[in-house]
Amino acid sequence: MDFSWIFDPFYQEYLWTGFVNTLLLVAVSGILGLILAVIIALVQITAPKPIAMLVRGFTTVIRGTPLLVQLFFFYDGVGRLLPEIPGIQESIIWPLLRDPFFYGALTFTISVGAYSGEVLRGAMLSVPSGELAAGRAFGLSRWQVLYRLWLPRAVQLCLPTLTGEMILLLKSVPLVSTIAVMDLLKAANLVRDETFLVYEPLLLIAGIYIALTVVLTIAMRLIERNFPGAQPAKMQRRLLPG
C-alpha cells in the first residue's frame, strides 16, 4: 500500500475541495430538504384533497425513481433547456444555474423532502389528538398549536428515522461525481487516474465517509437526547417492566 501521495499538495487540493463540497451538499440539501419535508407533510394533512393528492403524486414519483435518474434529469435535462430561455444567460442567477453543484443540491433537496415528508406526515398523524386538544384548551391558536406542540412532537417521534435519512443523504453524495462536481469520490478518481493506484484513494475516502457517518450519528443522537420533551434513556429503562 502506497499512501505517500497524501502528502502531495497537488492531491491534497483535490481531496480538500471534494471534502468541502461533500459537507456543503449534505448541509444545504439536509436543511432545505427538511424544510421542504415540513411543507409536504402539512400540505398532505391540511390542504384540500386535490392539492394533497397532487403533492402525494409528487412524492410517489420522487420515491419511485432512482436518484441517479433524477440527477441526470435536472442536470442534463433542465440544465440544457434553461439556456434556451431568452435572457436567462444575462440574468443574475445564471452563474448559479450553470453550476453543476446547484443541480446536485436541488436533486438531493427534493429527494430528502419527499422521503422525510412522508416520514414526518406519519409522525404528525401519530401525535395523540388529546395533546392538540389540550393546547387549544389552554388558549393556543391553531398556529401556536402547530409550531409549539404538533410539529415538535412529531419531530421527536421520527428523529431516529430522520437520522437514517441524513446518513442515506451522506452516502448518496458520491453520485454528483457523474455530473462534474468535485466531491470525495471525484477527487479519489482523479488521484487514481494520475497515480495509477487502484485501492489506496478509495480506501481513504471510505475511511472519511465512515468518520463522517460516525460524527453525523453522534450529532443526531445528541439532538435526540436534548430535544424538548425527550425522555432520558435511564428513565426509559426504569419504566420498562421487570
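Reader: Are α7 and α9 roughly parallel or roughly antiparallel to each other?

Author: In this predicted model, local features require pLDDT of at least 70 and side-chain atom pairs pLDDT 80 or more, whereas totals for chains, interfaces and linings use all residues. Residues are numbered from 1 along each chain as its sequence is written, and side-chain values use heavy atoms, without hydrogens and water. Helices α7 (residues 142–172) and α9 (residues 200–226) have axes (lines fitted to C-alpha atoms over the stretch in contact) 10 Å apart, at an angle of about 160 degrees. Angles over 145 degrees count as such, and α7 and α9 are therefore roughly antiparallel.

Reader: How many residues in the contact of α7 with α9 are charged?

Author: Contact (heavy atoms within 4.5 Å) involves Leu159, Pro160 and Met166 of α7, among others, and residues of α9 including Tyr209, Leu212 and Glu224. Eleven of the contact residues are nonpolar and three polar; the number charged (Asp, Glu, Lys or Arg) is one.

Reader: Is the crossing of α1 and α7 left-handed or right-handed?

Author: The crossing brings Val26, Leu34 and Ile45 of α1, among others, into contact with residues of α7 including Trp150, Met166 and Leu170. With the near helix turned clockwise from the far one by less than a right angle, the crossing of α1 and α7 is right-handed.

Technical notes:
Axes fitted to C-alpha atoms, helices over the stretch in contact; angles between N-to-C directions. Helix = DSSP H or I, 4+ residues; strand = E, 2+ residues; numbered from the N terminus. Parallel < 35°, antiparallel > 145°, perpendicular 65-115°, else oblique.
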